[in-house]
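Please consult the sequence and the structure shown below while reading.

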Amino acid sequence: MCGIVGYLGERPAASTILDGLRALEYRGYDSAGLAVLTPDGLEVRRCAGRISDLAPLVEDAHLTGSIGVGHTRWATHGAVTDDNAHPHADASGRLVIVHNGMTDNVDELRAELLADGHQFSSETDTEVIAHLIGVERDRGAELPDALGRALQRLVGAHSVAVLAADEPDMLAAGRIGAAGGLVVGHNGCGAILASDLPAVVRHTRKVQIVQAGEVVSLRRRAAEFRRLDNRPVTRGLITVPWDPVAAAKAGHRHFMHKEIHEQPETLAETIRPRVTLDPPELRLDDFRLPTDARQIDRAVIVASGTSHIAGMVGARYLRELARLPAATEIASEFAYAPGPLTRRTLVIAVSQSGETADVLVAVQRAHAAGAPVAALVNTVGSELTRMADAVLPLHAGPEVSVAATKTFTSELGAFYLLACQLAQQRGACTQAQFERRIAAIAHAPIAVARALDVEPQVEELARRFHRCKNFLFLGRGLGHPVALEGALKLKEISYIHAEGFAAGELKHGPIALIDPDMPVVAVALDDDDVRAKTLNAVAQIRSRDGRVILVASDADDLRGDLAEHVVRVPRTAPLIAPLVGVVPLQLFAYHMAVRLGLDVDQPRNLAKSVTVE
Ligand code: M6R
């Protein structure tokens, strides 16, 4: 959840690390800090707050040095204070560490060190880890070995990078547990280490991944990988397909706005290289199902947050297109109550980051039960891509804003393709059905582009509604997950209480909430029967003086007074409707947060990659 950066090379370490931290700030922004090895020894600057608070401290200090580590924090152990900001030093002050993870046995380790006379200046588990490494150094261990030994004492998932005053040409870094990525890269001028690719791709696109249970000794021109027990490991290079400029705002005020507007292209990236219409073909070249499609008797989708909501749509695609029984589980619930799984259960993990700890634990549980695991992932080289038996990459490019938008639509696109492929392999569709279906998804990016035209109207709605304190979102059929996603987006970035639910449930309780102060956003885009039922719910709300913003298709003939506001999106095949229906809701959340003057890309208390359970 935190972001780690390390650098050694020909450039000034302080500014290079600050740049890297800015690229990782989506991972946490409670506090920030860095350490540089200067001619006068280790110099640390850190503070509660953001990288923008740290930068003047660093600039004023004029730190001279070409090796250092940095950190942006999402608080776990210890409040958001200067003292708890990383880096943390060992007892002697001759080494510092930055850390991502949570130590489940920290009380025990701290007590042991206190009994040996150690003193701590923070409430963090990180400082405890720094002292453990220092103890191993005192016993004579080389820096990477000392780190490896300390890591073996920790319970939980961790990534740590260490800078030592007596090792001016090396950074040591290591990982344990199924969370917290660590990537290293070299260019002609030096070496970079980071929790995630956005901080590395600005230096090089050729990277090596530090895997769980490994320690890397990073030098200017090479990296040496070892297992925690010191066995050497050979690690190949991966070429990252991202263009670094794709991670910049490209003229948009916020990354979220850019990412919402990128959706026609990013969805096309997910779909078009895999689909041709003449002749009609679907080729998931980079995806090999880990089992015979005809042997699968059930699919269970595991994911969190927005990816979980995408999974709800995905389950419907699998049921409807591939005739495969499918259900979606919240990863953190599935992890500790997975229910019966067999070799014939296909578990599908979905994640933008590929780092979400809840999802990784769910995958471990599935594997333990012998179930094959396929993954839909955006981040190449992430832990999930290594754990899964088969990976269908989203190809949506880097998503920087904490609120997921373009990866939601790409997850839907990838699910649709997977369901079409399974339908073919299982003999669950005719050739004519197959051709109609892939034509529908091939045209989806154009419909999404047209849906973006609603932005001026949605901006005006945000002006009218931004002072409301509560919202209900409702939809039925595929409109239900879209409503859930609209509510999640709104609460996440505008801090307005929003609840999404199935429109048919309105009459079973939520209707009691309806009054003029509880606006309702209704999504009515599914096929005719379901749409008519959702419109009934809207009529029930209107007859109780409720205010309704209705998202409907441009082909619908609606009664003029049905809703206070109607937002029209292009009519598509019913299964494609969630891809266009979500666009006005993303824009609504965005413009509400902008109206309220909030930090759209880095909402409070959140982080982009949630690498703790
Ligand atoms: O990287 P993942 O897709 O696994 O992340 C899952 C959730 O943490 C994520 O979707 C979260 O809910 C977003 N902030 C939603 O916008």
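## Basis of the model

The model is predicted: local features need pLDDT of at least 70 and side-chain atom pairs count only at pLDDT 80 or more, whereas totals for chains, interfaces and linings use all residues. Residues are numbered from 1 along each chain as its sequence is written, and side-chain values use heavy atoms, with hydrogens and water left out.

## Overall form

Along the principal axes, the C-alpha atoms fill a box of roughly 80 × 55 × 45 Å.

## The sheet E19-E18-E20-E21-E22

Five strands form an open sheet in the order E19-E18-E20-E21-E22, with parallel pairing; two strands pair if DSSP finds at least two bridges between them. Strand E19 (326-330) and strand E22 (390-393) are at the edges with a single partner strand each, so one side of each has no neighbour in the sheet. On average, neighbouring strands here are turned by 20 degrees against each other, direction ignored. Within the sheet, E20 (residues 345-351) pairs with E21 (residues 373-377) in the parallel sense over 5 bridges, and Ile348 has Ala374 of E21 as its bridge partner.

Two helices lie across these strands. Helix H12 (residues 406-425) lies across E18, E20, E21 and E22, at about 160 degrees to E20. Contact here means heavy atoms within 4.5 Å; axes are lines fitted to C-alpha atoms, for helices over the stretch in contact, and angles run from 0 to 180 degrees between N-to-C directions.

## The sheet E24-E23-E25-E26-E27

Another open sheet of 5 strands has the order E24-E23-E25-E26-E27, with parallel pairing. Its edge strands, E24 (497-502) and E27 (565-569), each pair on one side only. Neighbouring strands in this sheet are turned by 20 degrees against each other on average, direction ignored. Strands E23 (residues 470-475) and E24 run parallel and are joined by 6 bridges, with Phe471 opposite Ala498 in E24.

Helix H16 (residues 479-494) packs on this sheet, touching E23, E24 and E25 (520-524), and its direction makes about 175 degrees with that of E24. Helix H18 (residues 577-595) also packs on the sheet, touching E23, E25, E26 (548-553) and E27, with its direction at about 145 degrees to that of E26.

The ligand is surrounded by 14 residues, of which the closest are Ser307, Ser351, Ser353, Thr356 and Glu492; a residue counts as near if one of its heavy atoms lies within 4 Å. A polar side-chain atom of Ser351 lies 2.6 Å from a ligand oxygen atom. The backbone also takes part: an N or O backbone atom of Val402 lies 3.1 Å from a nitrogen atom of the ligand, and a polar backbone atom of Ala404 is 2.8 Å from a ligand oxygen atom.

Taken alone, the ligand exposes 410 Å², and the protein buries 91% of that. Accessible areas come from the Shrake-Rupley method with a 1.4 Å probe.

## Local backbone geometry

Most residues other than glycine have a negative phi, and most peptide bonds are trans. A cis peptide bond joins His86 and Pro87, with omega about 0 degrees; Pro87 lies in the loop between E4 (67-73) and E5 (88-89). The bond from Asp278 to Pro279 is also cis, with omega near 0 degrees, and Pro279 lies in the loop between E16 (275-277) and E17 (280-282).

Tyr495, a residue other than glycine, has a positive phi near 60 degrees. Tyr495 is located in the loop between H16 and E24.

Conventions: Helix = DSSP H or I, 4+ residues; strand = E, 2+ residues; numbered from the N terminus. Polar contact = N/O pair within 3.5 Å; in protein donor to acceptor, adjacent residues only side chain to side chain.
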